[in-house]
Amino acid sequence: MPLDTSTTYPLTKLRLDGRRWNELRLIQAQISTNPASSGSSYLSMGNTAIMCSVHGPAEGRRGEASGSGGSAGAIVEVDVNVAGFSGVDRKRRAGGSDKQSSRIATTLRSAFQSHLHTYLYPHSTISIHVSVLSADGSLLAAAINACTLALVDAGIPMPGLLTSCTAGMSGSASTPRDPRNDELDPLLDLSLPEEQELPVLTVGTTTSVPVGENNMDEEEGDMKVAVLTMDSKLHYSYMETMLAVGIDGCNQIRELLEGVIKGSSRA
Amino acid sequence: MSNQRQASSASQVPHLSPAELSYLYTSLSLPKTPIRPDGRSPTQFRPLTAETNILPGTNGSARIGFADGTQAIVGVKAEVEKTILSNETLARNDGGVGGEQEGSAAVGGHGSWVQMSIEIPGFRDDDALPVFLSEMMRESLVGAVGTDETSDMTGGLKGRLVINKRWHWRLYIDVLLLSQPLAYPLPLLSLTTHLALLSTKLPKLKSQGEEDPFFDDDWAVAEYLYPRPSLSSGAKSSARSSFVRPPVTLLVISVGENIIFDPNREEIAVADAVLAISITRDSEAGNLKLLSIRTVDPPSRLTQPGVPNSENVSMLGAVAPTEDVAVLNPATGEEEVPGVWRPRRGGVKRSVIAEMVKTALKKGGVGEEVLEGLEGVEVS
Amino acid sequence: MMADRRRINGPPGGTRPAVFASNLQSGTSATDRAQRQRQPSELRKIFLKTGLIPTASGSSYLEFEPSASLAAARANPKSLIPPSSALKLACTVHGPKPLPRSAAFSPNLVLTTHVKYAPFAARQRKGHIRDSSERDLGVHLETALRGAIIAERWPKSGLDITITILEAEDDRWWGSAPDSHDASWGMMNVLAGCITAASAAIADAHIDCLDLVAGGVAAIVSDEPSGTSTGVPKLMLDTDPAEHRSILSACVVAYMPARDEITELWLKGDSSKASLEDGDTRTGHEALIDGAVDAARGAHTVLAEAVRESLLRTVGQA
C-alpha cells in the first residue's frame, strides 16, 4: 500500500510524520546569525531550513533610484537562492535561478514592499537575501517568517510581524463538502510529500500592534491577511475551513517568533 | 556593468584612497616585521567558527564563519551513475590488446565525476570569479592522487568514487557564500569544502563485484568518503597523518619582501602578488606536498595612483623640490616617492614564489597548522 | 534538462560510431602512439605574424609547428586520424576605446579578455557559448596581461582582447582511454600560446607595456608504462600531451625577461617525483617553474622578431 495521506489519514487520523491535523512542525529560529549583514536570521520548520540576511536600508544603485517610485520610499529587493543540495535529489538549475525561486522572490518582494514602512527611507534600497538550505514543504511560508525575523533584526520599522503558514485538506476535496458527514480534515503546516499530494494554501497575516498574552480577542479585529496564494484545485466549500486553520497557524507562529525576538526560547 | 568587469579580476577594488593604500603598503612591507591592520602575525589566520554535519539532507556538510561575519555553507551530495565505457576500454577487453592502461576508466576514475558549483551573492553562475574559484578548487581535489597501495584511497578521490567497472559515484559539491564577499573568498570556501568532504559519508555497499550496486539502508554504518583511522589503531598523530585528506587552498600575498597568509580585504588591496597554493598531506611520507599554484590578479593593479607634491599643481611652490625624492623600491624595481601610492605593475620574482611555497609546505609551517586545526574540528 | 524542444535532438549522450576490427588493429596499436622526437629542452617552432586582421587595432596569428609524429603520419598514412594536433590561434585587440557611458569611472585601462574555441578546434566539438574552461582561460590570460600593460596611461578606456582558437592542443593521445590522464593538460599549451599571441597583438596595437610577455610550458612526464619502475619522471619543455603516456605535473608561466618576473603562473599536478640531474638541489616545482621560464624565453625571441616586423611595417607606411 502506498504511504500517502489520502489513504492512511482516514484510518489513523495521523499524518505521514505522525502529527495530528492541527499541529505545527518543530520551529527553531535564531536572529543575528550573520554579523556581516544589517539583520539576519535562521529559521527551520521541520526539515525546511532557511537562512536570511538583510542589507540596508542603503543608498540605491544608480538608475534604480530615479526609477518608478524610487524617491517615495525604499525599494525592497529580494534574491532567493535554493541550494543545489536542498532537496532529496540534487538538481542543477540553469543560469542561477529557476521558476520556483523567482516566484518566491516575487511574492516576498510584493509582500514586504507593502508591509514595511518604506516611506521612512526615501531613495534607499533594502535588499533581502534568502538561502534555502533544506527544502521540505512550506517554502514560501518559511521564507516569509525568516524574512520577518531578519527585518526585525535589521531594525526596519513595520506595523507588526508578518507571519505565514500553509494549510491543506486531507484529501483531494473536489466534491462539495457534506456538513453532516465530514470525512476530510484540514491540515496545518504541510511537509513536502503532503504538499505534492494535497491541495495547499499559503496564508500570511499581520497585526497592526504586537500580540499580547491576554487580549487575543480584541486583536482579531486588527488582523490582516497580507499574503494568500494557492494554485491547486479545491471545491470552494472547503476554502473557509482551510483559511481558518491557516490563520490560526499564523497566530501560533507569531507567538513563537515573538518569543525568539524577545530572547525567551519557547520554541 | 562596471562591477562585473572589475569582478573578473581578483576581487572588487576596495574604496581606499591612495594615501590609505600607501600607509598600508608601508606598514606591511616593513622588513621582517610587517604590521598588519588587525595585529596578526604574517602566518596567522583569522579566527573562525566551524561546524560540520549541519544539513541532514546531504551526504556531508559544513559551515564556517569568519569573525568579520562572512559565512560559507558547503553541501556535498552523491549520486550513483552508470560509467560510460569508451570504445578503447571495450576494445581492449574484447581483443586482449590490453596490458597498457588496463581499464583505466574503471580503476582510475574520472575528474568530471566531481562537480563543483559556487554561489556568490551578486554574481551570476557563469561570471568569471565563481568559475575561476570552482575550477581552482576542483583541479586540486581531483588532482590529489594517493599513492598508498594499501588504503582505499588509491587513485585519490577519483578512485574512491569507483564502485565497480560499470558504476560510479558522482559527487556534487555546492558552495554557498551567505553574504557579499568582503575579502577574496578563496580561503573561506576552501576550508569549508575541506570540512564538508571530511564529514561526507557514502552508504555501505552491500552488493559485490560487478553486480548492479545496492546499498545498506542503515545510515549508521555508512562509510566516510575519506576513511578515518579506526579507534583502535588511531589516536596517535603518526597514524592519523597517514590517511588521505582533502586538499586545502591557501591564499598567500607578497608585500615588499614579506610573505603574508590569509590576507583580509585591505591587505590584498596593496599586494604585489597574490598566489593560491593548494596543498595536501602526502600519504607516504607524511609531510605536505604541493598540488597546484595559480596566480590571482592582484587588485592593487587597478587602484588609483597618488600624486606626489612635486607634481601637484595646487601645491606648486609650497614645497621644496628636495622634499620628495624618488627612491628605488627593491621589491618591484621601480622608482617611487615614499608615501605616494603607485598601482603595482609587473609580476613576481621566482625567488618570491619559491619562498611562498616553502613557507606553506615546510614542517611545522602554515600548511600543517591549518590541516591540524581542521582535523581538530569535531566531525560528528 | 535544457533540451530544446523545438528541434528534433539527437539522442542524449551521443552515439558511438561503428568500430571495425580492421580499424582497431591499425588504429589503436601501441606502435602508432606518437613519440616525442625532440630533445627534452627543445621547443617546437612557432609561427607568429602580426597585423593580419586590418579591422582591429592590433592582431596576431600564432601557429605551433606540428610534432614530428604528425608529419610522419601525413607522409605515410596508416590511419585517417592524425596522431596529434598543433595549436593555431588568432588574436585581435580592439582599443583603447572609451568605456561605455554606463560604466563607472576607472583610472586605469580596463582589460577584457575573451577566449573562444572554434566549434571544430578540438576533437570533441565545442558549443557556441563559452564553457567554464574557456572562461577560466580568459581569467588566466587577463592576469598575465594586466601585469605587463601600463594601465594608468589610459584612464577611462577599455581594451578588448579576443582570441579564437582554430586548432587546440590535445589533452592526451586520441587513442588512449579518455581517462588515462584526464586533466586538461592541453589547455596549458593553449594558454601559453594565447599569452604570446596576445602580447604580440598588444604591441601591434601600440599599447605601452613593461615588456613583451611570453608564455611557456614545462611538464614532468613519465613515458614508460606506469606499471614498471623504470619509468622515471623527467622534466621536459614545451610538451605535446599527445606524445606522452602520462603527465604528472605541468606548469605554464607568463614571463617578462627584461624584469625577470612572472605575471601568471599556473602549476598543477604532483611535481615532487621528478628526477633531476645530480647536484640539482631544486625541488620539483622550482625546477618545473624554471623549465617553463626557459620555454617562455624561447618564445620571447620569436615574439620580439614578430614585433620588430610589425614596427617596420608601421614605419614603412608612415
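I count a residue as buried if 20 or more other C-beta atoms lie within 10 Å of its own. On that count, buried residues make up 47% of the 380 residues in chain B. I note at the outset that this is a predicted model.

**Entry 1. Chain totals**

Of the contacts in chain B between residues at least 6 apart in sequence, 65% join residues at least 24 apart.

I then took chain A, where 46% of the 267 residues count as buried. Its secondary structure comes to six helices and nine strands. For contacts in chain A with a separation of 6 or more, residues 24 or more positions apart account for 75%.

**Entry 2. A sheet in chain A**

I traced an open sheet of five strands in chain A, in the order β1-β2-β3-β5-β4 and with mixed pairing. Its edge strands are β1 (27-31) and β4 (75-82), each of which pairs on one side only. From one strand to the next, the twist averages 15 degrees.

I checked one pairing in detail. β1(A) runs antiparallel to strand β2 (residues 39-45) of chain A, and five bridges join the two. One residue pair I wrote down is A:Gln28 with A:Ser44, its bridge partner in β2(A).

Next I asked which helices pack on this sheet. Helix α2 (residues 99-115) of chain A does, touching β4 and β5 (124-134), and its direction makes about 155 degrees with that of β4(A). Helix α3 (residues 139-153) of chain A also packs there and touches β1, β2, β3 (48-59), β4 and β5. The direction of α3(A) makes about 150 degrees with that of β2(A).

I looked at the loop between β1 and β2 of chain A, where A:Ser32 lies. A:Ser32 is not a glycine, yet its phi is positive, at about 60 degrees. A:Ser32 is partly exposed, with 14 other C-beta atoms within 10 Å.

In strand β3 of chain A I stopped at A:Pro57. The peptide bond joining A:Gly56 and A:Pro57 is cis, with omega about 0 degrees.

**Entry 3. Where chain A touches chain B**

I listed the residues in this contact: 21 from chain A and 22 from chain B. On the chain A side, β3, β4 and β5 each supply at least two residues. The largest share of that side, four residues, comes from β5(A). I sorted the chain A side by class and got seven nonpolar, 12 polar and two charged residues.

**Entry 4. Two domains in chain B**

I took the bounds from the domain assignment of chain B, which gives domain 1 as 16-45 + 247-380 and domain 2 as 48-86 + 109-235. The contact between them takes 23 residues from domain 1 and 25 residues from domain 2. On the domain 1 side, β8 (248-255), α9 (265-269), β10 (273-281) and β11 (288-296) of chain B each supply at least two residues. The residues on that side divide into 12 nonpolar, seven polar and four charged.

I followed helix α5 (residues 128-143) of chain B to helix α3 (residues 132-146) of chain C. Their axes come within 9 Å and cross at roughly 100 degrees. That makes α5(B) roughly perpendicular to α3(C), because angles of 65 to 115 degrees count as such.

I noted the residues that make the contact. From α5(B) they are B:Ala128, B:Val131, B:Phe132 and B:Glu135, and from α3(C) they are C:Ser132, C:Arg135, C:Asp136, C:Gly138 and C:Val139. By class, this contact has four nonpolar, two polar and three charged residues.

**Entry 5. Strand β6 of chain C**

I asked how many residues of strand β6 (residues 214-222) of chain C are buried. Nine of the nine are, so the strand is largely enclosed by the rest of the structure. Both faces are covered: C:Ala214, C:Gly216, C:Ala218, C:Ile220 and C:Ser222 are buried on one side, and C:Gly215, C:Val217, C:Ala219 and C:Val221 on the other.

I then looked up the partners of β6(C). Strand β8 (residues 246-256) of chain C pairs with β6(C) in the antiparallel sense over nine bridges, and C:Ser246 in β8(C) is the bridge partner of C:Ser222. Strand β7 (residues 234-237) of chain C pairs with β6(C), also antiparallel, over four bridges. C:Leu235 in β7(C) stands opposite C:Ile220.

I found C:His206 in the loop between α4 (186-204) and β6 of chain C. C:His206 has a positive phi of about 60 degrees although it is not a glycine, and it is partly exposed, with 13 other C-beta atoms within 10 Å.

The peptide bond from C:Gly95 to C:Pro96 is cis, with omega near 0 degrees.

Definitions and conventions. Residues numbered from 1 in each chain as written. Chains lettered and ligands numbered in written order. Predicted model: local features only at pLDDT ≥ 70, side-chain atom pairs only at ≥ 80, totals over all residues. Pairing = 2+ DSSP bridges. Axes fitted to C-alpha atoms, helices over the stretch in contact; angles between N-to-C directions. Contact = placed C-beta atoms within 7 Å. Buried ≥ 20, exposed ≤ 12 C-beta atoms within 10 Å, placed from the backbone. Parallel < 35°, antiparallel > 145°, perpendicular 65-115°, else oblique. Nonpolar A, V, L, I, M, F, W, Y, C, P; charged D, E, K, R; others polar. Domains from an automatic or database assignment.
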